[in-house]
Amino acid sequence: GGIVAGGENEAGECGVGDGADRTLGAPCVRTPVAVAGFPGACVQLACGDHHCLALVQDGSVTAVYSWGEGSYGRLGHGTRAGERAPRWVEGLQAAGRVVRVAAGGATSAAVGDAGGLWTWGGSGFGMCGHGLPAPGPAGAAAEVLEPTRVAALGAGDGLGTSSIALAGGGA
């Protein structure tokens, strides 16, 4: 379906660009508005600390979009830059068809249809599962549990100091 958003929009977390009412101090969207820019219907949403993920399906093809604050690389675009409108997370192409997403305080995760777990974002406490320090460019999605089929995801809120995955398929 379609997405509507409202609330604080200081870092673009509503996904509706820069248009915001500033009468309450921080920029905010006081009346929910439609979030545009998706090629299909949203089938799942996940919101972290000042960022959002949308799993979008167009026929048999799925794609993950992210927007909001980009610190720690939580948006998955290979940088720490923020996005005020939804942007496709290109690095998940190798995951195949994405079936689930999760967002924590400063982390994000996706599960591909083969069960592989992909994570990105802050990993100061190892919550992305890549070890310390995290490899590769900031915010680049990287596979963590390729041989394990992941059945469910969870991510910590606030500082986002932990993440959890439920392994399925006898692993």
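This is a predicted model: local features need pLDDT of at least 70, side-chain atom pairs count only at pLDDT 80 or more; totals for chains, interfaces and linings use all residues.
View 1. Glu83 forms a salt bridge with Arg87, and the closest N and O atoms of the two residues lie 3.0 Å apart. Arg87, at 33% relative accessibility, counts as partly exposed.

**View 2. Strands β5 and β6 side by side.** Strand β5, which covers residues 61–68, is joined to β6 by three bridges, and the two strands run antiparallel. Gly68 has Glu83 as its bridge partner in β6, and the side chain of Glu83 takes part in the salt bridge with Arg87 shown in View 1.

**View 3. The open sheet of four strands.** The strands follow one another in the order β3-β4-β5-β6, with antiparallel pairing, and together they form an open sheet. Because β3 (41–47) and β6 (83–88) stand at the edges and each has a single partner strand, one side of each is left without a neighbour in the sheet. On average, and with direction ignored, neighbouring strands of this sheet are turned by 20° against each other.

**View 4. The salt bridge between Arg74 and Glu69.** Side chains of opposite charge can pair when their charged atoms come close. Here Arg74 forms a salt bridge with Glu69, with 3.2 Å between the closest N and O atoms. Arg74 is buried, with a relative accessible area of 3%, whereas Glu69 is partly exposed, with a relative accessible area of 26%. The count of salt bridges comes to two.

How values were computed
Residues are numbered from 1 along each chain as its sequence is written. Side-chain values use heavy atoms; hydrogens and water are left out. Two strands pair if DSSP finds at least two bridges between them. Axes are lines fitted to C-alpha atoms, for helices over the stretch in contact, and angles run from 0 to 180 degrees between N-to-C directions. A salt bridge is a side-chain nitrogen of Lys or Arg within 4 Å of a carboxyl oxygen of Asp or Glu. Buried means under 20% relative accessible area, exposed over 50%, partly exposed in between (1.4 Å probe, protein chains only).
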